[in-house]
Amino acid sequence: MAGRGGASAAAPLLEKTAAAAESGGGCCYVDGCPGCAVDRHKAANPGIPYGNFIYVWIVTLCTGASFMFGRCLTSTVWGIAADRVGRKPVVVFGISSVVVFNTLFGLSVNYWMAIATRFLLGALNGLLGPIKAYAIEVCRPEHEALALSLVSTAWGIGLIIGPALGGYLALPAENFPTVFSPDSIFGRFPYFLPCLCTSIFAAVVLISCIWMPETLHKHKVHENRSRNIEALEARLIDSNEKVEESGSLDSKKSLFRNWPLMSSIIVYCVFSFHDMAYTEVFSLWAESDKKYGGLSLSSEDVGQVLAVTGASLLVYQLFLYPSINKVLGPIKSSRVAAILCIPILFAYPYMTYLSEPGLSIVLNIASVIKNNLGVTIITGTFILQNNAVPQDQRGAANGLSMTGMSFFKALAPAGAGIVFSWAQKRQHAFFFPGDQMVFFLLNAVELVGLLLTFKPFLAVPEQYDTR
């Protein structure tokens, strides 16, 4: 294989010395630079960095357990901060905000206090963008897919654990009267217990981050010093492409003029919109009555399907996706996943003709396949985004992508709900009656995303199209 998955990934990194740094050489380690220390460790240890991956996992899990209401407004700002002061300070500050404002949310005495604390929690918790940058900076190129898979799975599991924890531990004085007195703090603040548990977990993560290594280089970066710049330029030369055509990484070029980055962010936003709309539609459709084209399932049945799907995501992302990415690369794997999603979505409305236990079996299989295909696409866009910029712009790039994604995901639930309500009123229409129209429109968005993964729209190094 060519590029990062081939000879360049297998070859050892260039040996660097402090003497070379003093002489002005471009390829060198600089004493006292935390980023160089991490690079030196990667050069000497070709295996998977399990210790550093733990930080990627627990930090993202902490972020997923909190609702980031204000992230659309501040994600880019926190990404820029991560490029200026380092990944670790932003992560530490973000986790500290979880500890403080999540606790205050549980102690809210009125509605406006609850709204304010949730907004501040989101605005001050800019973890997800920097942690995506950090994930690929602590490992060698051949382990990038696994690193970004950890972000996806930890985020997804956090979104499952958070609501489950809230549902189980809320109203403790009513649900566990023998343990919690109505006069206790947990009786006066019925939602404090689940918030406290999340805050305690965040506090443990915060303490563990004392040993979290910084990856941002703290010395002046000369031309070609970054490993990512060297590898990208070599690939562009091999494919007879000019560096300027894909956005020169040598100059401090505006992120908005970096088309390889912006095109991958647009693709990411389109598929994020699709995934959020699908998530909204799935529960509404599964619980609606069969006479309206639904499955007439209970909320418990739907929850069981989602639990099985969540477990499959963990297995797939950790053990299967890295190998798929190694063979196909992020673009081809995303294209294949998008193509396979289309017939699956078209099959959903016809599940109404099935009865138990066949319905449960088919629905679980379809949900597992659809969601794993979706996460394949999202993780592929993560890889493209993080390799479209040099290290000192990676935090801002991820923050920008989070801002765009948050905006699109804010529109998706409302749009999906309106379309679903409209489709319910056209059960006997000639063209895609009832819920068939809902899944047809989901497929239309999927098709748009698929088309955007091809040239000339998506601008990426040539090696991603050939591996």
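Modeller: Phe432 sits in the loop between H17 and H18. The model is a predicted one.

Biologist: What makes Phe432 partly exposed?

Modeller: Its relative accessible area is 22%. Buried would need a value under 20% and exposed a value over 50%, so the label in between applies. Phe432 also has a positive phi, about 45°, although it is not a glycine.

Biologist: Which residues does a cis peptide bond join?

Modeller: Pro357 is in the loop between helix H15 (299–347) and H16. A cis peptide bond also joins Lys455 and Pro456, where omega is about 5°. Pro456 belongs to the loop between helix H18 (435–451) and helix H19 (463–466).

Biologist: Why is the pair of Glu137 and Arg87 called a salt bridge?

Modeller: The N to O distance between their side chains is 2.6 Å. The cut-off is 4 Å, so the pair qualifies. Glu137 lies in helix H8 (residues 128–137) and Arg87 in helix H6 (residues 87–106), and the pair therefore ties together parts that are 50 residues apart in sequence. Both Glu137 and Arg87 are buried.

Biologist: What ties Arg394 to Glu137, and how do you know that Arg394 is buried?

Modeller: Arg394 forms a salt bridge with Glu137, their closest N and O atoms being 2.8 Å apart. Arg394 lies in helix H17 (residues 391–424) and Glu137 in helix H8, so this pair ties together parts 257 residues apart in sequence. The relative accessibility of Arg394 is 1%, and that of Glu137 is 5%. Asp83, Arg87, Glu137 and Arg394 are linked in a network of salt bridges.

Biologist: What makes Asp275 and Lys370 a salt bridge?

Modeller: Their closest N and O atoms are 3.9 Å apart, and the rule asks for a distance within 4 Å, so the pair counts. Asp275 lies in helix H14 (residues 259–287) and Lys370 in helix H16 (residues 358–386), so the pair ties together parts that are 95 residues apart in sequence. Asp275 is buried, as is Lys370. The count of salt bridges comes to six.

Biologist: How many aromatic pairs are there?

Modeller: The count is 19. Tyr316 and Tyr321 form one that is tilted, at 6.4 Å centre to centre and 55° between the planes.

Biologist: Why is the pair of Tyr316 and Tyr321 called tilted?

Modeller: Their centres are 6.4 Å apart, and ring centres must lie within 6.5 Å, so they pair. The angle is 55°; stacked requires under 30 degrees and edge-to-face over 60, so tilted is what remains. Tyr316 is buried at 12% relative accessible area, and Tyr321 is buried at 0%.

Biologist: Which residues do ring pairs link into a cluster?

Modeller: Tyr278, Phe282, Trp285, Tyr348 and Phe439. Tyr348 touches residues including Ala366, Ser367 and Lys370. In the largest nonpolar core, which has 76 residues, Val59, Trp285 and Tyr348 have the most contacts. A second, separate core of ten residues includes Met262, Ile265, Cys269 and Ala397.

Biologist: Where does His217 lie, and what makes His217 buried?

Modeller: His217 lies in the loop between helix H12 (192–208) and helix H13 (227–238). Its relative accessibility is 18%, and the limit for buried is under 20%, so His217 falls inside it.

Biologist: What joins the side chains of His217 and Asp39?

Modeller: A polar contact of 3.0 Å. The distance limit is 3.5 Å, so 3.0 Å is within it. His217 also touches other residues, among them Cys33, Gly35, Cys36 and Gln391.

Note on methods. Residues are numbered from 1 along each chain as its sequence is written. This is a predicted model: local features need pLDDT of at least 70, side-chain atom pairs count only at pLDDT 80 or more; totals for chains, interfaces and linings use all residues. Side-chain values use heavy atoms; hydrogens and water are left out. Helices (H or I, at least four residues) and strands (E, at least two) are DSSP runs, numbered from the N terminus. Buried means under 20% relative accessible area, exposed over 50%, partly exposed in between (1.4 Å probe, protein chains only). A polar contact is a pair of N or O atoms within 3.5 Å; within protein, one must be able to donate a hydrogen and the other to accept it, and residues adjacent in sequence count only if both atoms are side-chain atoms. Contact means heavy atoms within 4.5 Å. Rings of Phe, Tyr and Trp (its six-membered ring) pair if their centres lie within 6.5 Å; planes under 30 degrees apart count as stacked, over 60 as edge-to-face and the rest as tilted. A nonpolar core is a set of buried Ala, Val, Leu, Ile, Met, Phe, Trp, Tyr and Cys residues joined through side-chain atoms within 4.5 Å. Lists of a residue's contacts leave out its neighbours within four places in sequence.
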